Number of protein chains: 2
Amino acid sequence: MKVERIKGFRDQYPEEMEPRKKMFSIAENTAELFGFGRIDFPSLEYLDLYRIKSGDELLNQTFSFTDRGGREVTMLPEATPSTVRLLTSRKDIPRPVRWYSLPKIWRYEEPQSGRLREHFQFNADIFGVDTPEADAEIINLAGSILTNLGLGSAFSIHINDRVVMDGILKYLGVENTERVFTIIDRFHKTTRDEFLLLLRENGVSEKSASILLKLVESPFEIGELGGKISDIVGKSETLSERLDRLTKTCDIIRKYGKANIMVDFSVIRGISYYTGIVFEAFDRQGEFRSILGGGRYDNLASLMSGQEIPAVGFGMGDVVLELLMRREGKWGYNRKDYTYVLCFMGETLQYALEVADKIRKNGVICVMDLSPRGLSKQIRSAESQGFRYILIIGEKEKERGTVTVRDLKESSQSEKTLDSFISDAKKTVKSDI
Amino acid sequence: MKVERIKGFRDQYPEEMEPRKKMFSIAENTAELFGFGRIDFPSLEYLDLYRIKSGDELLNQTFSFTDRGGREVTMLPEATPSTVRLLTSRKDIPRPVRWYSLPKIWRYEEPQSGRLREHFQFNADIFGVDTPEADAEIINLAGSILTNLGLGSAFSIHINDRVVMDGILKYLGVENTERVFTIIDRFHKTTRDEFLLLLRENGVSEKSASILLKLVESPFEIGELGGKISDIVGKSETLSERLDRLTKTCDIIRKYGKANIMVDFSVIRGISYYTGIVFEAFDRQGEFRSILGGGRYDNLASLMSGQEIPAVGFGMGDVVLELLMRREGKWGYNRKDYTYVLCFMGETLQYALEVADKIRKNGVICVMDLSPRGLSKQIRSAESQGFRYILIIGEKEKERGTVTVRDLKESSQSEKTLDSFISDAKKTVKSDI
């Protein structure tokens, strides 16, 4: 009786899971070096938790059900509500709070390129400070993770500020703000004519619509922020005040000295709870969906618990990231290239086991034949499995306390003392795994 | 509107999640050094997958439901069926296959000490070889993980062999094997009198019952295996043949030179699919449930796919392991003891950011104040948050390319060049995190 896996889910073999683990580990380490602490939360929550901030669209995409105890529950469709629950249920946590998490997330959506029904999501948030420094740090963390993943030249982070956008719309006399945000959010999915038409249909004047088009059609360097807005939109005191915060954030981001960060007025982020800066990271070649997205959401803690706790954070799924890393040639790891296969004669088992133990204690991967047979059969089996290094232990090696190392790639072989072998082998260890 | 978490689930703050991550990382690294590759599989599977090997008891403890597509699905109640699905769906994987995984597992059971409705489970399996070497290796892996976790003196692994047990029961004229296995499995939950009574009620003779009691009542050294069985049960050729495999496995385990491994005839493992060796690791003080359990299950792949693939493996949950590590004082990690809090004056922001970047690139945790205010306020805030090290960057430090390091624990302070500071700080990094 054969049972398949469910549509939109993944079976992950070591050739997929090992580079994925490396990717996660780089993200985790980067967050930890910034002082972010790892949290985790249930993969199952009351459905009510998502009724607070999310619309029907999300609720219709959940894996939700009634459990044996009659609870209306759902498999985690996003991380933020649980994270905020952790935060608001304890009063003793010194702020600012820097947290990251790496849960699985489930959405009942139609699977397509870059989107599955189950994926891992890396999340990072800073709670308790509403400053340009906090906004800049979270963006710098996102950028540092992508850079540490070797994607330095493959991504750009595009930032915008809901407060600035709102100010611009007000300045342009647009009334239907929420609706216009939705239209801008879909800018890259529509033609320019459709975009203008949609704006006009929603009460935006022809002049304002063409200003908005000019504003959102291409991102620009963060240093050009003030100038671009004066040029395209115009000048006013209210507008300048609203620009102040984003300008400060951009200044700090520039001091971080990281490239790849642009201002992009087409970045709105669908979810209405964002209250300030919003940002997304994009593949520069435009091949994939956005790599990560986030922003400031200062009202959620209050909605959930009555406590006023400012917050800024982002989420990054592993599906698009994997596609990008594969394209950029950053996805490779073959454990077999770093593994020593120990082939031994029955009489030398004890010495072989000691050798294996010592090798592993030094951080080098060592596998042993599990169906002892003639030495040459063991060697052939290791070769056919695609391993690179073979260690041969016969009576001679046992007596002398040595090992014979065969490198199948270089077609070389030499006898070494155990210690000198280990010191050489440590150099071949892929240390970033 | 406040929404609580669901009963039997955990919210995990950094003080719980950081030592847990360290624990997982030691288990993962140990498995990798043995050549095990990481796999992952969906957290949601068709309920049918568990109808093959598991009884109604498991099916009644699942978080199962019908999804929006009408599928009868369940949140993963155990890892083995998914692992075997991965194995049997591809024919190109060279054997032996060594795999490990670390999924979350869900069971709708009454929460109690050491048992929750959601937990992480570390799993390791060897497929494709049915040899004493494979049995010994999987047990050695289990023991090595616990030893590397610092639990060397806190656990024992108890092994038994279903084939031997079956032989002994046959030798003793017991017919109701499955039922008697269940009684033995519950030995430590019954009194001796109850145990004997249950055996007698199930057709075991008085003499055989008292032999069985003697056999299961205490574990013994693996070297004593043959002697103990002759003494307690008796001698026969069939019995010796059946003992042969376990004896060989014990010989190899002894050669591994690891202590903490005993033969224990009370270890049966509830699940009926085990076909050879079975084992569990116990807290030596007997305070907790078993730490891990596993065994050989050579028929599952065939039941699931018609392919004959021998298998041996184990699963280890994180709940009991955490209790044990806490008791043994191996659970501590305080990130704040390894963090450098960078306090700076506004004018030195750019230098401060460069310093932070350089520190992090060297693997040292660095956090920055996110609400810049006077230097002394920043320092007081870092102190009140419980951090140990503070880095002060004023105009002087900026000009000279130095940092002033204050150690609040040692009440000491000194100015260092950035390079010498970094080289000192790297020594304080807790490298095994």
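User: How many cavities of 30 Å³ or more does a search of the whole structure find?

Analyst: Eight, in this predicted model.

User: Which residues line the largest cavity?

Analyst: There are 14. Nearest its centre lie A:M368, A:D369, A:S381, A:Q385 and B:P96. Two elements give two or more residues each: β15 (365-368) and α15 (375-384) of chain A. α15(A) gives the most, with three.

User: How do you know which classes make up that lining?

Analyst: Each residue is sorted by type. The lining comes to seven nonpolar, four polar and three charged residues.

User: Why is helix α13 of chain A called mostly covered?

Analyst: Buried means under 20% relative accessible area. Seven of the 10 residues in α13(A), residues 318-327, are buried, so the helix is called mostly covered. The seven are A:D318, A:V319, A:V320, A:L321, A:E322, A:L324 and A:M325.

User: What covers the buried residues of α13(A)?

Analyst: The cover includes α1 (14-33), β7 (118-127), α5 (132-151), β11 (277-283) and β13 (311-317) of chain A.

User: What comes just after α13(A)?

Analyst: A:G329, with a positive phi of about 70°.

Notes: Residues numbered from 1 in each chain as written. Chains lettered and ligands numbered in written order. Predicted model: local features only at pLDDT ≥ 70, side-chain atom pairs only at ≥ 80, totals over all residues. Heavy atoms only, no water. Buried < 20%, exposed > 50% of the residue type's maximum accessible area, 1.4 Å probe, protein only. Helix = DSSP H or I, 4+ residues; strand = E, 2+ residues; numbered from the N terminus. Contact = heavy atoms within 4.5 Å. 1 Å grid on protein atoms, 1.4 Å probe; cavity = no way out; pocket = protein on both sides within 12 Å on 5 of 7 lines; lining within 4 Å. Points joined across faces, edges and corners; volume = space filled by probe spheres on them. Nonpolar A, V, L, I, M, F, W, Y, C, P; charged D, E, K, R; others polar.
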